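Biologist: Please take a close look at one part of this model for me, and go through it step by step.

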Amino acid sequence: MKVIVTVGHSILKNGNCTSADGRPFGGVLEYEYNKGIADKIAAYLRSAGHKADTLICPERRFTKSAEEKEYKLPKVNSGGCDLVAELHLNASVQHNARGCEVLYLSEKGKAVAQRVQERLAAVFHDRGIQKRPNLYMLNKTAPTAVMIESFFCDNAGDCALAAKTDVARLIAEGIHGGPIDGQGQQGQESETGKLYRVQVGAYSKIENARAMAKRLQEAGFDAIVTGA
Ligand SMILES: [Zn+2]
C-alpha cells in the first residue's frame with residue numbers, strides 16, 4: 001500500500017500557527033507535535049513493507065490557512081497513493097475533553113479509521129470513529145482518507161499519556177492492520193516465536209547503564225537495564 005502521511009495546519013507568513021495550541025493548558029502545540037511524529041509513522045510503515053511519504057506545508061509562506069488546502073490537495077490527488085492519513089490533535093472549549101477519535105467519509109476510510117482507533121484506544125479514552133462529510137481532506141481527496149485526532153492537545157492528562165507512548169507506532173500499526181516489528185525493536189521474532197535480544201553494554205555502575213539506555217531510547221530503540 002502507498003501511504004501519504006500529511007500534517008494538519010501550518011505556520012503562516014506572520015508567524016501564527018493555524019493549529020490548536022494546548023501549551024497554555026499544560027499541553028502541546030498540535031502542529032508541532034504531529035510534525036514531530038510524521039516521519040516516524042512513515043518509517044514504521046516502510047518497515048512493514050509499505051511505501052510511505054510525508055507531506056507538510058512549507059512554513060512562513062502562506063498568508064491564510066486556505067492555502068494549505070491548495071498546496072496539499074493536488075499533491076495528494078496526483079501521487080497515485082492508496083491512502084492519505086492526516087494528523088491532527090483535538091481541543092475543546094473548556095479544555096477538559098479527552099481521548100482519541102478518527103474521522104472518515106468513505107467505506108474504505110471507515111475500515112482504516114476503525115483499525116487506527118482501536119490501536120489509539122489502547123492508551124487514550126475511546127471517543128469512537130466519526131463520519132464527517134464536510135472536511136476537504138475527506139471529501140476532496142481521490143485516495144482513501146482518514147483524519148486522525150490522536151488525543152486532546154489542551155488536556156494535560158492526555159499529553160502526559162502521549163509523552164510516554166509511541167503514538168507513531170500505534171498509528172502505523174492501525175494503518176498496517178497488525179503489529180510492526182523493527183524500528184525500536186531490539187530483536188526480530190523468528191518463526192519459532194523466540195525473541196533474540198542484543199546486549200550493548202555491561203557496567204559496574206547503575207548510572208552508567210542508565211545513561212546508555214537513555215542514549216539508546218533517544219536514538220529510537222527500546223532499551224532496558226537489567227541487573228545480573
Ligand atoms: Zn487540527
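Modeller: Strand β4 (residues 101–104) and strand β6 (residues 144–152) run antiparallel and are joined by 4 bridges; helices (H or I, at least four residues) and strands (E, at least two) are DSSP runs, numbered from the N terminus. This is a predicted model, in which local features need pLDDT of at least 70 and side-chain atom pairs pLDDT 80 or more, while totals for chains, interfaces and linings use all residues. Residue numbers start from 1 along each chain as its sequence is written.

Across from V102 stands I148 of β6. Both strands belong to an open sheet of 6 strands with mixed pairing, in the order β2-β1-β3-β6-β4-β5 (two strands pair if DSSP finds at least two bridges between them). At its edges are β2 (51–55) and β5 (130–131), each pairing on one side only. Helix α1 (residues 30–47) packs on the sheet and touches β1 (2–7), β2 and β3 (83–90), where contact means C-beta atoms, placed from the backbone, within 7 Å. The direction of α1 makes about 165° with that of β1 (axes are fitted to C-alpha atoms, for helices over the stretch in contact, and angles run from 0 to 180 degrees between N-to-C directions).

Terms used: Contact = placed C-beta atoms within 7 Å.
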